[in-house]
Amino acid sequence: MTISLERKTKETNVFVAIDHPGEGHCIRIEKCGFLTHMIELLCHNAQLGIEIVAEGDTHVDAHHLTEDIGIVLGQAICELARQTPRERYGWCLLPMDGSLAQVALDFSGRGALHWKGAFSTPTCGGYDMELVEEFFRALARSGHITLHIALLAADNSHHAAEAVFKGFGRALKAALVPAAENQNPSSKGVWL
């Protein structure tokens, strides 16, 4: 089943469609090649089929576009997770050359990001690296995901960002595994 969502504001226009498990990535993010590349890595590692068409006020900077893509992708992931009880938890320790990211997540229903670590440069490929944290904050909040990301080592900003996005994808893949029949992943008896 495909989940499709759209967000239109005065600052951005974002369309996201995802399938899980799925293949193929069609990502067209206006003037934001770095984020396009990172989301492709996330989806490949999560086994998400994805289509994203997004444009925004990139003449200002990429902040609004990054945040709104995170919001819509988080909402889509949440809808996907609600289709059936899932394993709920996922984690990954991912090396990328001299960089190392630790990612753990829980479909808790209480969206929050807990971030530790820093990139080695303020920008990479013209992209403001502080926006990586903003992307995941928006995704966690709108996806109702408790998300912990620790950037334990960063040899360069590109590798470090790849480790984070790939690590999130792997953790998400584990959390989206359907739960065993008659197993509720929450002791409270409520799923998401």
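1. Setting aside neighbours within four places in sequence, His-159 is in contact (heavy atoms within 4.5 Å) with Met-96, Asp-97 and Ser-99. This is a predicted model, where local features need pLDDT of at least 70 and side-chain atom pairs 80 or more, while totals for chains, interfaces and linings use all residues. Residues are numbered from 1 along each chain as its sequence is written, and side-chain values use heavy atoms, leaving out hydrogens and water.

2. His-159 belongs to helix 4 and is buried (under 20% relative accessible area, 1.4 Å probe, protein chains only), at 17%. The His-159 side chain also makes a polar contact, 3.0 Å, with the side chain of Asp-155; the term means an N or O pair within 3.5 Å, one able to donate a hydrogen and the other to accept it, with sequence-adjacent residues counting only if both atoms are side-chain atoms.

3. Now to the packing. Helix 1 (residues 33-46) meets helix 4 (residues 157-175) at about 35°, with the axes 7 Å apart; helices here are DSSP runs (H or I) of at least four residues, and axes are fitted to C-alpha atoms over the stretch in contact, with angles from 0 to 180 degrees between N-to-C directions. Among the residues making this contact are Phe-34 and Leu-42 of helix 1, and Phe-165 and Leu-172 of helix 4.

4. Helix 1 is mostly covered, with ten of its 14 residues buried, including Met-38, Cys-43 and Asn-45. Just past helix 1, do look at Gln-47, which has a positive phi of about 60°.

Methods:
Helix = DSSP H or I, 4+ residues; strand = E, 2+ residues; numbered from the N terminus. Buried < 20%, exposed > 50% of the residue type's maximum accessible area, 1.4 Å probe, protein only.
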